[in-house]
Amino acid sequence: MRKLFFILLFFVSCLSGTAQVHQILGNWKTIDDKTGEPQSIVHIYKGSDGLYYGKIIELLVDTQGHEALCIACEGEDHNKPVVGMVIIRGMHEEDGCLKGGKVLDPDNGKFYYGKIYLENGNLVLRGSLDKRGFIGRNQTWLRVK
């Protein structure tokens, strides 16, 4: 009986982790962790390769009538419009979180290791310099309805 209980507990925990990841999908309002101001709307989706991505679908900051370009970005993203840019790349599902991918900060053009999870109904994005996430910072994003 005890063995059956632990088997059921294992399956329920696996299902709840998967359910949480599906709640991460959709549109989120990004909030600048320094100013507290809304910045953009990011759409998080599962790609055909089974990995998770997020792209900016709208900017909420005033660009004074100009199209915002990623001037600081390097390579194929250099001088590309920020709207439509994929900023969350190649994350996979693990323990109810999205991990293992990279996150682009269009303000400075740098990539960071990323981790995404839900906390109190909000999305928390942890961007860090190291894979373990010790050196970095969090942003809390709000669901767009």
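Modeller: The strand that gives the largest share to the lining of the largest pocket is β8, with five residues. Before we go further, note that this is a predicted model, in which local features need pLDDT of at least 70 and side-chain atom pairs count only at pLDDT 80 or more, while totals for chains, interfaces and linings use all residues. Residues are numbered from 1 along each chain as its sequence is written, and side-chain values use heavy atoms, with hydrogens and water left out.

Rolling a probe the size of a water molecule over the atoms shows where empty space is left. Here the search runs on a 1 Å grid over the protein atoms alone with a 1.4 Å probe; a pocket is an open set of points with protein on both sides within 12 Å along at least five of seven lines, and a lining residue has an atom within 4 Å of a point. Points are joined across faces, edges and corners, and the volume is the space filled by probe spheres set on them.

The largest pocket has a volume of about 710 Å³. It is lined by 32 residues, and those closest to its centre are Asp105, Pro106, Asp107, Arg137 and Gln139. Besides β8 (136–143), the strands β2 (38–46), β3 (52–59), β5 (97–105) and β7 (122–128) each supply at least two residues of this lining. Strands are DSSP runs of E with at least two residues, helices are runs of H or I with at least four, and both are numbered from the N terminus. Sorted by class, the lining has 16 nonpolar, ten polar and six charged residues. In this sorting, Ala, Val, Leu, Ile, Met, Phe, Trp, Tyr, Cys and Pro are nonpolar, Asp, Glu, Lys and Arg are charged, and the others, Gly among them, are polar.

Arg137, one of the residues closest to the centre of the largest pocket, also forms a salt bridge with Asp33, the closest N and O atoms being 2.7 Å apart. This pair links distant parts of the chain, since Arg137 sits in strand β8 and Asp33 in the loop between β1 (26–31) and β2, 104 residues apart. A salt bridge is a side-chain nitrogen of Lys or Arg within 4 Å of a carboxyl oxygen of Asp or Glu. Side chains of opposite charge can pair when their charged atoms come close. Arg137 counts as partly exposed because its relative accessibility is 39%, and Asp33 counts as partly exposed at 32%. Here buried means under 20% relative accessible area, exposed means over 50%, and partly exposed lies in between (1.4 Å probe, protein chains only).

The second largest pocket has a volume of about 240 Å³. Of the 13 residues that line it, the closest to its centre are Lys99, Gly100, Gly114, Lys131 and Arg132. β5, β6 (110–119) and β7 each supply at least two residues of this lining, and β5 gives the most, with four residues. By class, the lining of the second largest pocket has one nonpolar, five polar and seven charged residues. Lys99 forms a salt bridge with Glu94, the closest N and O atoms being 3.6 Å apart, and Glu94 is partly exposed, with a relative accessible area of 34%.

The search of the whole structure finds three salt bridges, one of them between Asp77 and Arg89, whose closest N and O atoms are 2.7 Å apart. Asp77 lies in the loop between β3 and β4 (86–94) and Arg89 in strand β4, twelve residues apart, and this pair too links distant parts of the chain. Asp77 is buried because its relative accessible area is 10%, whereas Arg89 is partly exposed at 22%.

Buried residues make up 34% of the 145 residues.
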